[in-house]
Amino acid sequence: MKKIVLITGASSGLGLAMAKCFLSHGHIVIGVSRHRPPVELPYWIEADVTTRSGQEKIAAFVAEKFGRLDVLVNNAGKGSYATWEELPETKLRELFELDFFAVVALTRILLPQLEKAHGSIINISSAAGKLWVPCMGAYCAAKAAVAMFSNTLGIELSRRNIHVLDVAPRQINTGFSRRAFVCREVPDSPGSRRTTPERLASFVYRAWERKKRRVTYPPMLDAALFFLRAVIPGIYQKVSLKLWKL
């Protein structure tokens with residue numbers, strides 16, 4: 001059965017890859033972004049998800065065109081590479097508005113459409129929400145908040161048959177760093193260039209099909225994060241200080 005799938009941040013990177021992935025499996029995709037995607041999508045809404053008017057525009061389109069929503073993918077986001085001292089408050093608030101508050105607001109306004117379909121909510125958090133990364137503190141904090149939102153929301157909506165999936169990927173090759181607020185030279189992350197948005201999109205699709213609630217990409221990353229946090233935190237700190245030139 002064809003599903004109605006709405007994806008934010010669909011003009012590039014992971015959002016575009018997920019739009020193509022869902023389309024390839026025969027679903028109907030609604031892309032949301034401020035800029036037109038480079039490929040033609042069945043439906044596209046030009047909207048700023050951080051504004052109430054943008055959120056209402058999206059909800060009205062879904063209600064009028066389909067009357068239900070099967071899958072909401074909260075993907076739009078931005079990063080920053082700066083210490084807490086270096087990061088201007090305006091940039092901090094902009095980051096949280098897009099990475100966290102817009103996720104909550106759009107989910108809330110679309111819940112009636114999701115409930116009609118017994119649908120799914122897929123929130124893209126980050127491995128950075130599980131491991132503190134210096135000079136990425138604001139991003140880590142926002143993504144940790146998204147993960148907690150997903151996990152608590154999943155319990156609250158379970159009796160209404162709405163499925164919630166939290167996806168925590170490592171850095172992938174999407175041009176994310178070029179769009180971030182940068183005060184610091186960004187260290188190279190080993191393997192990130194080989195981790196394509198297309199591979200992650202396929203992974204997310206399979207996790208959604210299997211009704212997973214929490215996944216990390218790649219899956220073995222969970223063990224690595226635990227090792228860094230619990231076994232060698234002192235070494236991790238020393239390496240981080242050197243990498244970020246602190």
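Q: Does Met136 count as buried or exposed?
A: In this predicted model, Met136 lies in the loop between β6 and α4 (137–157). Beyond its neighbours within four places in sequence, Met136 is in contact with Ser80, Tyr81, Ala82 and Trp244. The cut-off for a buried residue is under 20% relative accessible area. Because its relative accessibility is 12%, Met136 counts as buried.

Q: Which strands stand at the edges of the sheet?
A: Seven strands form an open sheet with parallel pairing, in the order β3-β2-β1-β4-β6-β7-β9. Two of these strands each have a single partner, so one side of each is left without a neighbour in the sheet. These edge strands are β3 (43–46) and β9 (214–217).

Q: What is the bridge partner of Pro169 in β9?
A: Strand β7 (residues 163–169) pairs with β9 in the parallel sense, over four bridges. In β9, the partner of Pro169 is Tyr217.

Q: Which residue's side chain is joined to that of Asn123 by a polar contact of 2.8 Å?
A: Asn123 is found in strand β6 (residues 120–124) and counts as buried because its relative accessibility is 0%. Not counting residues up to four places away in sequence, Asn123 touches several residues, including Val103, Phe149 and Asp166. The 2.8 Å polar contact joins its side chain to that of Asn74.

Q: At about what angle does helix α3 run to β4?
A: Helix α3 (residues 89–117) lies across β1, β4 and β6. Helix α1 (residues 13–24) also lies across these strands as well as β2, running at about 170° to β1. For α3 and β4 the angle is about 175°.

Definitions and conventions:
Residues numbered from 1 in each chain as written. Predicted model: local features only at pLDDT ≥ 70, side-chain atom pairs only at ≥ 80, totals over all residues. Heavy atoms only, no water. Helix = DSSP H or I, 4+ residues; strand = E, 2+ residues; numbered from the N terminus. Buried < 20%, exposed > 50% of the residue type's maximum accessible area, 1.4 Å probe, protein only. Polar contact = N/O pair within 3.5 Å; in protein donor to acceptor, adjacent residues only side chain to side chain. Contact = heavy atoms within 4.5 Å. Pairing = 2+ DSSP bridges. Axes fitted to C-alpha atoms, helices over the stretch in contact; angles between N-to-C directions.
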